[in-house]
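Please read these points with the model open beside you.

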Amino acid sequence: FNTAVLEERMHWIKNFAFSLACGLAEKGLKEQLRGEAVVCVPRGGTFLNAFLAVQIEARHYFLEKTDRGKYHFDRSLPYARDAKICIVEDVITTGRAVYRAIDSLHDYGTPNIAAVCCLVNRTPSTEIYNVPVVSLLHMRNSLYDSNDHEVAEDVEAGNVLDDPRRRFQELISIMDEFDEAA
């Protein structure tokens with residue numbers, strides 16, 4: 001999933017943020033998060049984070065990645081430790097970045113994670129650490145070991161049931177056609 005392509009089409013990201021806000025409202029979370037905080041994981045949809053914060057009338061912040069792979073807050077973060085938090089990620093594949101973000105928030109003294117929002121949830125679960133995941137698309141994908149030579153050969157030969165790159169290009173084409181029609 002190439003979110004850089006989406007960042008060239010800001011109106012899509014605004015629409016996605018609106019849809020995620022509606023998803024939060026359906027779960028009764030939008031009102032809980034109003035006036036609270038939306039936190040984006042490193043490289044995880046920074047524009048989506050900002051637009052979602054506007055939609056739910058919350059403050060938005062970003063986590064940064066240290067050279068040791070841990071997450072920390074920007075040094076100028078005027079943050080309330082008792083705020084309810086919505087974590088934003090563009091695509092959740094294994095959940096590792098979200099787990100790390102939740103752990104970092106807990107280490108910082110912010111235990112109240114109310115929701116996780118993403119464009120695509122590729123995990124089999126709709127919760128992470130018992131926190132609800134709100135996504136526009138829940139698409140469980142099989143993960144393969146990159147060292148598996150048989151899988152690599154099948155992918156190279158085009159013998160795969162699912163080609164995410166092709167599917168993403170199809171999605172972009174459909175969205176472009178929709179823009180032209182509008």
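1. Start at Gln169, which is found in helix H7 (residues 164-181). Helices here are DSSP runs of H or I with at least four residues, strands are E runs of at least two, and both are numbered from the N terminus. Gln169 has 48% relative accessibility and therefore counts as partly exposed. The classes are: buried under 20% relative accessible area, exposed over 50%, partly exposed in between, with a 1.4 Å probe and protein chains only. Its pairing in space is with Val5: C-alpha to C-alpha, Gln169 and Val5 are 10.0 Å apart, yet 164 residues separate them in sequence.

2. A word on the basis. This is a predicted model, in which local features need pLDDT of at least 70 and side-chain atom pairs count only at pLDDT 80 or more, while totals for chains, interfaces and linings use all residues. Residues are numbered from 1 along each chain as its sequence is written, and side-chain values use heavy atoms, with hydrogens and water left out.

3. Now the overall make-up. The protein chain has 7 helices and 7 strands. Along the sequence they follow the pattern α-α-α-β-α-β-β-β-α-β-β-β-α-α. Of the 182 residues in the protein chain, 39% are buried. The accessible surface of the protein chain is about 10,800 Å², and carbon and sulfur atoms hold 49% of that. Accessible areas come from the Shrake-Rupley method with a 1.4 Å probe; for residues, only the protein chains shown count as cover.

4. Consider contacts along the chain. Take those between residues at least 6 apart in sequence: 60% join residues at least 24 apart. Contact means heavy atoms within 4.5 Å.

5. Next, a helix pair. Two packed helices are described by the angle between their axes and the distance between the axes. For helix H2 (residues 10-26) and helix H4 (residues 46-56), the axes come within 8 Å and cross at roughly 50°. The axes are lines fitted to C-alpha atoms, for helices over the stretch in contact, and angles run from 0 to 180 degrees between N-to-C directions. H2 and H4 are therefore oblique to each other. The cut-offs: under 35 degrees is roughly parallel, over 145 roughly antiparallel, 65 to 115 roughly perpendicular, and the rest oblique.

6. The crossing of H2 past H4 is right-handed. That term applies if the near helix is turned clockwise from the far one by less than a right angle, and left-handed if anticlockwise. Which residues meet? From H2 come Met10, Ile13, Lys14, Phe16, Ala17, Phe18, Leu20, Ala21 and Leu24; from H4 come Phe47, Leu48, Phe51, Leu52, Gln55 and Ile56. By class, the contact of H2 with H4 has 13 nonpolar, 1 polar and 1 charged residues. Nonpolar covers Ala, Val, Leu, Ile, Met, Phe, Trp, Tyr, Cys and Pro; charged covers Asp, Glu, Lys and Arg; the others, Gly among them, are polar.

7. Check two backbone angles. Most residues other than glycine have a negative phi. Glu57 is not a glycine, but its phi is positive, about 55°. Glu57 lies in the loop between H4 and strand S2 (59-65). Asn130, also a residue other than glycine, has a positive phi near 65°. Asn130 sits in the loop between strand S6 (127-128) and strand S7 (131-138). With 67% relative accessibility, Asn130 counts as exposed.

8. Val98 is found in helix H5 (residues 96-108). Is Val98 buried or exposed? At 1% relative accessibility, Val98 counts as buried. Beyond its neighbours within four places in sequence, Val98 is in contact with Glu89, Ile92, Val116 and Ile128.

9. Ala83 belongs to the loop between strand S3 (71-73) and S4. At 2% relative accessibility, Ala83 counts as buried. Not counting residues up to four places away in sequence, Ala83 touches Glu36, Arg59, Thr110 and Asn112. Ala83 and Thr110 are 27 residues apart in sequence and 7.2 Å apart C-alpha to C-alpha.

10. Last, Val91 lies in strand S4 (residues 85-92). Val91 counts as buried at 14% relative accessibility.
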